[in-house]
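Dear colleague,

Here is the structure I said I would pass on. My notes follow below it.

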Amino acid sequence: MSKIDELKFLALKLKMDNILIKMEDVALKIEDKGDLVNTFPVPNCETCTEKCCPPRVMISLFDLANFIDRGFDDYVAGMFKGYVELYLSDEDEKIDISRPHMFPPDPDAKECVFMDENQRCSIYEYRPQICRSFPLAVRIDEDKTRIAIWMGGCKNYEISSDKYKFINLLENAIQDYNEKVTSNALMMNKRTELREFGYGKYMEDELILLRDYKNKIKDLQTETDDLKRVVERLREPQDQVAMVQNYQEDNQWLKERLVNMEKELSQQRENAHKIISELTEQLSEQRKLIEKINQEQYKKSRWLR
């Protein structure tokens, strides 16, 4: 049984029919490159002189099996580390070479090891799936939608009315995505069988994965603790501002209360002056009455004499 047949046999055990995607599951997200109804972007590799095939193209588990079957595995280096990138956010980060890749004997080479002297692919019929779909790729966006995007890097493309060429490109991109999904599933669920089939040297040891996982958890916990401290520090000035605002509000209330008290005291002073004035007048009237009574008594006493 060939290596590619071994992988397909293992993949069948996973029962992934409901996970793998079809053409109708993919939304096109390609701007300024045809209307995608009557005109489509299509690479023109026949006349290309850009030398856009880099020296370390990462390959999938299925590409690796194909290379082993064809005797190309002497030009493969690296191991599968963690998961194979599927999300659009992966493109925004600098991703280390996290899976096997085509590796030239010359470490300073500037182009793919399979490029011939005429700048043509010497293994074109057996080239990796990512090469077949370049520069189109299927990724998962932030809304969990599978989208087809134009990755860039291709300078020699044309806007063509040949819908079938574009569909062929899209089908290859979908197959590349499905092989990556299947590779992830096999790495997670069939590691023992993969080792038995001879893929052990391309896979990280489980103990190393567990150690790295624990280290990542530890680093994430450290980052979380640091963020908590930053949040607490950010909250302190806000608390101080709140205290100042509360103080200002209390101070304003005190000012308004003092003004009201001064008004009340002023009113009470006016009332007191008014009462004193009235009492003074009453006292003056009483003194006059007493004086009148005294005068009358004095006159009466003189008359009796």
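To start with a question: is Phe40 buried or exposed? Phe40 is buried, at a relative accessible area of 3%; buried stands for under 20% relative accessible area, exposed for over 50% and partly exposed for what lies in between, with a 1.4 Å probe and protein chains only.

Some conventions. This is a predicted model, in which local features need pLDDT of at least 70 and side-chain atom pairs count only at pLDDT 80 or more, while totals for chains, interfaces and linings use all residues. Residues are numbered from 1 along each chain as its sequence is written, and side-chain values use heavy atoms, with hydrogens and water left out.

Confidence

The mean pLDDT of the protein is 79, pLDDT being the predictor's confidence in each residue, from 0 to 100. A value of 70 or more is reached by 85% of the residues. Helix α2 has the highest confidence, at 91, and helix α6 (residues 206-304) the lowest, at a mean of 72. Over residues 90-97 the pLDDT is below 50, and this stretch has eight contacts in the model beyond near neighbours in sequence; a contact means heavy atoms within 4.5 Å. Where pLDDT is low, predicted coordinates should not be read in detail.

Aromatic rings

The structure holds seven aromatic pairs. Rings of Phe, Tyr and Trp (its six-membered ring) pair if their centres lie within 6.5 Å; planes under 30 degrees apart count as stacked, over 60 as edge-to-face and the rest as tilted. One of the pairs is Phe40 with Phe166, which is stacked, at 5.3 Å centre to centre and 25° between the planes. This pair links distant parts of the chain, since Phe40 is in strand β2 (residues 40-43) and Phe166 in helix α4, 126 residues apart. Phe166 is buried, with a relative accessible area of 2%. Helices (H or I, at least four residues) and strands (E, at least two) are DSSP runs, numbered from the N terminus.

An aromatic cluster is formed by Phe67, Phe72, Tyr75, Phe114 and Tyr126.

Two charged ends sit over rings: that of Arg127 over Tyr124, 3.7 Å from the ring centre, and that of Lys3 over Tyr199, at 5.7 Å. The criterion is NZ of Lys or CZ of Arg within 6 Å of the ring centre and within 35 degrees of the ring normal.

Helix α1

Helix α1 (residues 3-14) has 12 residues and should span 16 Å at 1.5 Å a residue; its end C-alpha atoms are 17 Å apart, which agrees. The expected span is 1.5 Å times one less than the number of residues. Glu6, Leu7, Leu10, Ala11 and Leu14 are buried in α1. They are on the same side of α1 because they cover an arc of only 135° around the axis, taken from the directions from the helix axis to the C-beta atoms. Their cover includes α2 (61-70), α4 (163-189) and α5 (191-196).

Backbone

Lys15 follows α1 and is found in the loop between α1 and β1 (27-28). Its phi is near 55°, a positive value in a residue other than glycine. Lys15 counts as exposed, at 74% relative accessibility. Asp32, in the loop between β1 and β2, has a positive phi near 60° and is exposed, with a relative accessible area of 76%.

The peptide bond from Phe134 to Pro135 is cis, with omega near 5°. Pro135 is found in the loop between α3 (129-133) and β5 (136-140).

Regards
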